[in-house]
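The tour goes stop by stop.

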Amino acid sequence: MLKYTFKGVGGGNDFQWCFSQVKGAIDEDVAEADIISTVEFNYSGELLATGDKGGRVVIFQREQESKNRPHSRGEYNVYSTFQSHEPEFDYLKSLEIEEKINKIRWLPQQNAAHSLLSTNDKTIKLWKISQRDKRAEGYNLKDEDGRLRDPFRITSLRVPVLLPMDLMVEASPRRIFANAHTYHINSISVNSDHETYLSADDLRVNLWHLEITDRSFNIVDIKPANMEELTEVITAAECHPHQCNVFVYSSSKGTIRLCDMRAAALCDRQSKFFEEPEDPSSRSFFSEIISSISDVKFSHSGRYMMTRDYLSVKVWDLNMENRPVETYQVHEYLRSKLCSLYENDCIFDKFECCWNGSDSAIMTGSYNNFFRMFDRNTRRDITLEASRENSKPRAILKARKVSTGGKRKKDEISVDSLDFNKKILHTAWHPKENVIAVAATNNLYIFQDKIN
């Protein structure tokens with residue numbers, strides 16, 4: 001098996017990506033409700049949450065390494081599963097509201113419990129995930145089966161005691177933030193003050209306080225007075241990781257606006273406007289579609305931001321608005337296939353992107369269950385595949401290459417052979433280690449660096 005060393009990621013050491021785990025069914029027939037729609041590590045990386053189109057949230061917890069199982073490092077097992085959203089019906093607009101989980105965002109841990117926000121198209125919920133391994137016994141006012149006792153028959157007082165029990169993980173909804181979005185929610189982002197968060201739909205961005213559910217502040221509104229004059233929509237939004245007054249939002253025209261909430265209550269005028277000039281010679285019917293930004297992410301340092309459009313990933317310096325400082329082609333070989341991708345609607349797929357913990361590498365998805373990694377220091381890149389065929393424990397992943405024409409080399413795959421029904425839209429990178437999670441339809445693949 002070919003071994004591929006990817007240099008520079010995670011501190012400059014050479015290492016190889018190897019298979020760790022796969023979670024999901026092997027069945028060829030995939031139920032629509034089981035398709036994973038979001039993946040997110042918590043701040044420590046010890047928990048990994050996934051949401052699916054059936055409205056379920058599954059949380060995986062990392063196993064601690066033990067002497068008996070030295071290779072268990074990085075293994076994630078199911079910690080909790082709960083139904084976050086149910087299908088609803090808007091009777092005023094005669095619209096069905098899907099239960100699909102669009103985004104999950106963890107909140108920093110404040111106590112023994114964990115908290116996360118999950119959202120479908122209309123409603124955001126704050127969940128508390130807590131665990132119990134003890135139960136109280138010996139109450140004075142009720143029996144062991146929970147029935148109340150007659151106070152007049154109580155002749156002595158008992159001190160309740162805590163007894164050990166099997167570990168039980170509970171997920172309970174603490175807040176429900178509803179009725180604030182007319183259009184479909186595409187983003188939620190927790191602010192660095194840990195008290196507020198943003199939610200964005202196609203035309204508006206709202207600012208919420210985590211303790212207040214009945215009102216939010218509308219901070220961006222691009223809805224025109226006449227909807228026939230609508231030329232762009234909001235595609236993603238995110239808070240700055242360190243400055244609680246700064247946020248960005250991207251548009252379907254390929255532009256990014258950075259706003260400062262100190263400047264005005266309604267941020268209808270951006271502080272900075274990021275746009276790369278279009279080359280007139282390369283303009284085509286599909287130019288506007290493929291320039292639409294599907295995801296925007298600040299780097300952990302807060303100095304850079306990354307955007308993903310249909311064919312590329314771009315890294316922007318917040319101090320330079322006129323062009324990105326880095327551009328990485330994800331699947332440039334598809335440019336000649338845009339017509340067929342338009343006909344089968346794949347051209348509208350929304351790929352996400354993510355940084356590694358040190359901001360030295362980035363990752364995003366592609367078709368045929370391929371995902372791409374780019375090293376920012378060495379400018380090297382690699383294409384890997386999430387597949388059950390190479391999912392033997394500790395198996396080193398082979399680099400994949402796509403042949404664009406002419407004579408195809410061994411181990412290369414022809415661009416005409418790519419399966420566009422298999423796509424990696426959602427990926428996540430552990431905030432501190434080289435562990436990645438990749439969602440492929442209804443399967444969650446977890447890879448880690450090869451440790452000798």
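Exposed means over 50% relative accessible area, buried means under 20%, and partly exposed lies in between. Keep in mind that this is a predicted model.

**Stop 1: salt bridges**

Select D214 and R215. The two form a salt bridge, with the closest N and O atoms 3.6 Å apart. Is D214 buried or exposed? D214 has 63% relative accessibility, so it counts as exposed. R215 counts as exposed because its relative accessibility is 51%.

Side chains of opposite charge can pair when their charged atoms come close. Now select R303 and D317. They form a salt bridge, and their closest N and O atoms are 2.8 Å apart. This pair links distant parts of the chain, 14 residues apart. R303 sits in the loop between β20 (295–298) and β21 (304–308), while D317 belongs to strand β22 (residues 312–317). D317, at 10%, counts as buried.

Go on to D416 and K337. Their side chains meet in a salt bridge at 2.4 Å, N to O. D416 counts as exposed at 57% relative accessibility. K337 has a relative accessible area of 24% and is partly exposed.

Then select D34, D52 and R56. Salt bridges that share partners join these residues into one network. The structure holds 23 salt bridges.

**Stop 2: strand β18**

Select residues 256–260, which make up strand β18. Five of its five residues are buried, so the strand is largely enclosed by the rest of the structure. Which residues lie on each side of β18? I256, L258 and D260 are on one side, and R257 and C259 are on the other. Both faces are covered. In a regular strand the side chains alternate between the two faces of the sheet.

β17 and β18 run antiparallel and are joined by five bridges. F247 stands opposite C259 in β18. The two strands form a hairpin with four residues between them. Zoom in on G254 in the turn, where phi is positive at about 85°.

Find L258 and follow it across: its bridge partner in β19 is K272.

**Stop 3: a four-stranded sheet**

Select β24 through β27. They make an open sheet of four strands in the order β24-β25-β26-β27, with antiparallel pairing. Which strands stand at the edges? They are β24 (353–355) and β27 (381–385). Each has a single partner strand, so one side of each is left without a neighbour in the sheet. The twist averages 20° from one strand to the next.

Focus on β24 and its partner β25 (residues 361–365). The two run antiparallel and are joined by three bridges. C354 stands opposite M363 in β25.

**Stop 4: the largest pocket**

Select K100, F348, D349, K350 and L425. Of the 44 residues that line the largest pocket, these are the closest to its centre. About 1,300 Å³ of space lies in this pocket. Colour the lining by class: 15 residues are nonpolar, twelve are polar and 17 are charged.

Now show β2 (36–41) and β16 (234–239). Each supplies at least two residues of the pocket lining. The largest share, three residues, comes from β16.

**Stop 5: the cavity**

Select K103, R105, S187, I188, S189, A237, E238, D295, V296 and K297. They line the largest cavity. Its volume is about 60 Å³. The structure holds one cavity of 30 Å³ or more.

Which elements give two or more residues to this lining? They are β8 (103–106), β12 (187–190), β16 and β20. By class, three lining residues are nonpolar, two are polar and five are charged.

Finish with β16 on its own. This strand gives two or more residues to the lining of the largest cavity, and three residues to that of the largest pocket.

Notes:
Residues numbered from 1 in each chain as written. Predicted model: local features only at pLDDT ≥ 70, side-chain atom pairs only at ≥ 80, totals over all residues. Heavy atoms only, no water. Pairing = 2+ DSSP bridges. Axes fitted to C-alpha atoms, helices over the stretch in contact; angles between N-to-C directions. Salt bridge = Lys/Arg side-chain N within 4 Å of Asp/Glu carboxyl O. Buried < 20%, exposed > 50% of the residue type's maximum accessible area, 1.4 Å probe, protein only. 1 Å grid on protein atoms, 1.4 Å probe; cavity = no way out; pocket = protein on both sides within 12 Å on 5 of 7 lines; lining within 4 Å. Points joined across faces, edges and corners; volume = space filled by probe spheres on them. Nonpolar A, V, L, I, M, F, W, Y, C, P; charged D, E, K, R; others polar.
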